[in-house]
Structures are given as structure tokens and as C-alpha cells.
Amino acid sequence: MQVERIRVLLVEDDPSQMALVEAILQREKGVVFEVKTADLLSAAFKPLREEQIDIVLLDLSLPDSHGIDTFLKVREVTCHTPVIVLTGNDDEELALEILRRGAQDYLFKGTVDGPLLVRAIRYSIYRILSERNLEEQRTRHRLLMEGIPDVRIYFKDAGGHFLEVNHAMANFHGFNDPREVVGLTDYDLFSRAHADEAARDERQIVNSGQPLVGKMEKETDQEGKVTWALTTKMPLQDGTGRNAGIVGISRDITDLKTTEERLWSALEEVTKSHEELSETQLLLIQAEKLRSLGQMAASVAHEVKNPLAILKMGIECLGEHCFQENEQISGLVGEMKGAVHRAEGIIRDMLDYSAAHELELREVCVNSLIERTLTFVRHELAKGRVRVVTDLPEGLSSCRLDAPKIEQVFINVFTNACHAMPDGGELTIATSEKLVESDDPEMEGDNGHPVRFRRGDKVVAVTIRDTGTGIPEDKLPKIFDPFFTTKDLGEGSGLGLAVVKKIIDLHQGKISIVNAEGGGVLVTVELKCFSGS
Ligand SMILES: Nc1ncnc2c1ncn2[C@@H]1O[C@H](COP(=O)(O)OP(=O)(O)OP(=O)(O)O)[C@@H](O)[C@H]1O
Ligand SMILES: [Mg+2]
């Protein structure tokens, strides 16, 4: 509708009146009136239905209709087009009734002049335009409030009272009619803690004029039910521009949050099992590596053993018969003997490590094995200026052990300690007995035997402590690996602790090697006591 160009339908049966009104309208400057006329009410219906008419000027007394009926029939055809009644009947009551029924104005022909008529037309059009705008705004407001089903929208005054809420909000709190929520506050709907927090946020918004955007809110209702919402609140201004409350929009994201939480815990589980898998994979690789090393060691040892025995016999024969007088040669033979002896040691270690063993178990006291072993290494300890301190209490429970193998464990551990103290030192060996306090977790030993102490088992613990160099932390995880050595070529094969571990595993015992507080290494060997003792 264009105000500057106004299309008028003039319904009038009096030709002189018709001409008068047309003349009045044509005279008007600044506005172009396009006037269409109808001298019967029935003649007005077609243009009303089919054409764009901005305003109707309606005489109530027509040949085919009279009084208020004329107006009501026009209204039946169009309820949007503004109608000004222009009549010779100056009836105040009728005027009021017609205005009540929706006419824009009621003008008495006798008093109408040009400016009055034009003003009435203009006001009517503007009024209808604003009403239409208002109605459109109301429709948009309704659409916004009710069109999005999962979004709660609410208006509150500065005291936190709901002024208006949508159906989604009312339904969320168990009301059918949004009007039931009007006048309530968050304290009537949520837990006190949540209502306090919301009130704090809203005070801040009203005071600062700044909106609160996208706050993830954990809401707890009065029964303790928890929901999650993504909330935006902004200041609501009154007619004077003052912040008089807030308007809030909350979208329920409980499902999203639950899914997110499930995803996080699934991710955690996946990460955990991935880590476990990697650890298992490493263990498998390690086990496989050790197995193939063991097989290789066994075949090498087996192949070398016989030629070595022949060499040994030959050297002994040479030493005894041929070159006793020749000092140089007999020195050389002595060195050869030493070398063969070392090689035999390595071969024995390799075979001990790799061959499948049947243990020959018998009941022995660990203290006596330690004392025997000390006599074997006495010479080496004395040469290395190592002082031995023992604490081997009497009456220690006996264990079922393969004595030579356990002796070999102690020989290897004592020898390592001796090598770690090149400038001498102290070797402290102590035994004690203890009861296991809790079950060990199940684990597989290298040989496939489960290694596990149970709660209540009685064990003998042997601690061997030296005052040597200690073991660098990064090397600690490798010391039981076969062929791991930090010693120079020819001084150590790196099989000593691998053999030790193997023997302890075969006995279903435990061994730990750590750096001792204050320096040196602390080795702890634990062996189950003989249950018959
Ligand atoms: N008491 C200790 N103090 C310091 N380092 C030690 C001690 N015991 C073992 N180690 C470290 O562990 C490594 C492996 O020891 P292991 O007994 O298996 O082999 P090795 O002594 O080097 O050679 P061998 O086969 O002759 O025993 C050693 O080379 C050494 O670095
Ligand atoms: Mg060693």
C-alpha cells in the first residue's frame, strides 16, 4: 500500500455527492487519489474482492442496502480494507455501533469538508498500517516463542519473576499453560544453589547491560534431577530504555552432554586398552626375543662345548708333559688354560640359561648355601678388598631348593657386587623370614610357571647389599636381559643375571635389584619356605 497514491472505492448512489467527493479528493496536493465508484452495494463487491483498494468511503443508504447492514456486508467481503462511513444520517448511536464493529471513522456528509476528509483517510490508512505492523510483530513474536520446540524462552523482571515464558519452558517444568509460570522465580523451580547462581548472573546482566552468552549450565530441579542447558541471557529494557529485567534462551543439551560423557569414557577406555595392548605387545616381543636368544645360545654352547673339551685336554697334556722347563711356553700354556676356563664358564652360563631344567629339589637351609657360596668366592672377595658382613640368624625355616643352582645365583650376585667395588667396599648379606601379607597379582614367569606368593605364605628373604657404583636408572630395566653387560669385552658375557632370574623363576621365587639409599645396589631374593617345615 502506497500512501502517496491512494486507491479509493467510493460507494455512493447520489451522483452530486459522488462528484463532490471526487472533486474534493482531486484538489488535494501531494497525494494522488485514484477514485473508483460504485452506486450500488452489489457493484462494490467485485472491486473489493479483485482489486487493490486502500480505503472504502461508504454511504450507508444505498438502493440495495441500508444502515448498519451496508457496513456489515462490506466487512464480510473484506475485513482488512479500512472503511470510512460517509453518511447523511447524523445518528450518534449508529456511529458508535459502526465504529465498535471496526469502521475507521464515521463522517456526516453535512459537515465534511476537503481537509477533514483527506485527514480522515490518511489517519485511517496509517492506523490500519500500524495495526498490521503490530499484528505482524505479534506473529513473529509468537513464532519465535513457540516455533522452536526444544528451546526455553523467558522474560523476567529485575526481581527474577517470570513475566512471560513459552510452552517449552512451561512443559519443561511440568505446567501445561505458560501463564502458570508467570510470577514464579527460579527458586520455585530449581534447587537453591542453581537459583542463587542464576540470580547472581542476572543481577550482573541488569547492572552491566552486558549479555551472558552460551553458558553451559548444570541445572538441578527441586527433586534433585539434573539437566544441562546452553543459556544466553540479555538485558530487557523498559519503555524508558532502563534495564528492567532479562530475556533468556536456554536450549536443553542433556542428551548431548550424556553422549559427550559416554564418548569421553569410551575414549578413556580405548586409550587405556591401547596402552595395555602396547605393553603386552612389548612384553611379547621381549619374550620372543629372549626365547630366540635362548635357542641360539643353546645351539652355540652345544657346538662349542666339545671342541672346548678337546682343547682343554690338549692344553693340560701340553702343560704336564712337554714344556715344563720352558718358562715362556709354560706361561703361555697357563694363559691358555685360563682362557679355556673362562670360555667354559660362559658356555655353562649359556646352557644354564637356555636349557629346559628339571630342578632337583631337596630341603635345605638358605643360610648354609650362602656360607658355602662365600667360600667359593672368598678368594675373589679378598683380592677385591671387599669386607663381608653377614647376618644369618639361626633357626631359619628351610626351603625346597636345587642347591647347586641357588648357589650359582649367589655366586653371580656376589661376583657382580665385587666387580662394582673396584676399590674395595662392604658386602652385607642378611636373611630373614616373613609372612606374605597379601596375594600377588597373577603373572607369568619366563618359563611359563605362574609366579605368585599368596597371603599367609612363609618366605625367606635374602638381602645382599654392596657399597659399589650402583646401576644407572636407565640401565636398570635391562639388567636381566641376556648379554646385557656394561663390562669390557672379555670381562663379562652379560649372562649372569639372566641365569639368576631364570633359576629364581624356576623356583617360583622373586628377585628385585634396586639402587640402595646412600649408594650401591640392594638385591633381594625371596624363596618360599618348605610348607612341611
Ligand atoms: N651389584 C652391581 N652393581 C653395579 N652394577 C651391577 C651390579 N650387578 C649387576 N650390575 C650391572 O648389570 C650388568 C649385568 O650383569 P650380569 O651379571 O648379567 O652380567 P655381567 O656381570 O656384565 O657379565 P657376566 O655374564 O660375567 O655376569 C652388569 O654389566 C652391570 O652393569
Ligand atoms: Mg655378572
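**Figure 1. Strands E14 and E15 pair side by side.** Strand E14, residues 425–435, and strand E15, residues 458–466, are joined in the antiparallel sense over nine bridges. Within this pairing, Thr428 is placed opposite Arg465 of E15. The view, like those that follow, is taken from a predicted model. Strands of a sheet pair through backbone hydrogen bonds, in either a parallel or an antiparallel arrangement.

**Figure 2. The open sheet is built from five strands.** The strands follow one another in the order E12-E14-E15-E17-E16, and their pairing is mixed. Strand E12 (386–391) and strand E16 (510–515) are the edge strands, each of which pairs on one side only. From one strand to the next, the twist averages 15°.

**Figure 3. Strands E16 and E17 form a hairpin.** Five residues lie between E16 and E17 in this hairpin. The turn includes Gly518, which has a positive phi of about 85°. The two strands pair in the antiparallel sense over six bridges. Val514 has Leu522 in E17 as its bridge partner.

**Figure 4. Helices H11 and H13 lie across strands of the sheet.** Helix H11, made up of residues 366–383, lies across E12, E14, E15 and strand E17 (521–528). The direction of H11 is at about 170° to that of E14. Helix H13, made up of residues 496–506, lies across E16 and E17.

**Figure 5. Helix H11 crosses helix H12.** The axis of H11 and that of helix H12 (residues 403–419) come within 9 Å of each other and cross at roughly 45°. The two helices are therefore oblique to each other. The crossing of H11 past H12 is right-handed. On the side of H11, the residues making the contact include Leu369, Ile370, Thr373, Phe376 and Val377. On the side of H12, they include Ile406, Phe410, Ile411, Phe414 and Cys418. The residues of this contact of H11 with H12 comprise 13 nonpolar, three polar and three charged.

**Figure 6. Helix H12 also meets helix H13.** The axes of H12 and H13 come within 9 Å and cross at roughly 145°. H12 passes H13 in a left-handed crossing. From H12, the residues Lys405, Ile406, Gln408, Val409, Asn412, Val413 and Asn416 take part. They meet Gly496, Leu497, Val499, Val500, Ile503 and Ile504 of H13. The residues of the contact of H12 with H13 divide into eight nonpolar, four polar and one charged.

**Figure 7. Helix H13 is mostly covered.** Of the 11 residues of H13, 10 are buried. Among them are Gly496, Leu497, Val499, Val500, Ile503 and Ile504, which are also the H13 residues that meet H12. Lys502 and Asp505 of H13 are buried as well. After H13 comes Gln508, with a positive phi near 55°.

**Figure 8. Glu76 is a residue of helix H3.** Helix H3 spans residues 67–77 and contains Glu76. Glu76 counts as exposed because its relative accessibility is 69%, above the 50% cut-off. Between Glu76 and Phe45 there are 9.9 Å in space, C-alpha to C-alpha, although the two are 31 residues apart in sequence.

Technical notes. Residues numbered from 1 in each chain as written. Chains lettered and ligands numbered in written order. Predicted model: local features only at pLDDT ≥ 70, side-chain atom pairs only at ≥ 80, totals over all residues. Heavy atoms only, no water. Pairing = 2+ DSSP bridges. Helix = DSSP H or I, 4+ residues; strand = E, 2+ residues; numbered from the N terminus. Axes fitted to C-alpha atoms, helices over the stretch in contact; angles between N-to-C directions. Contact = heavy atoms within 4.5 Å. Parallel < 35°, antiparallel > 145°, perpendicular 65-115°, else oblique. Left-handed = near helix turned anticlockwise from the far one by under 90°. Nonpolar A, V, L, I, M, F, W, Y, C, P; charged D, E, K, R; others polar. Buried < 20%, exposed > 50% of the residue type's maximum accessible area, 1.4 Å probe, protein only.
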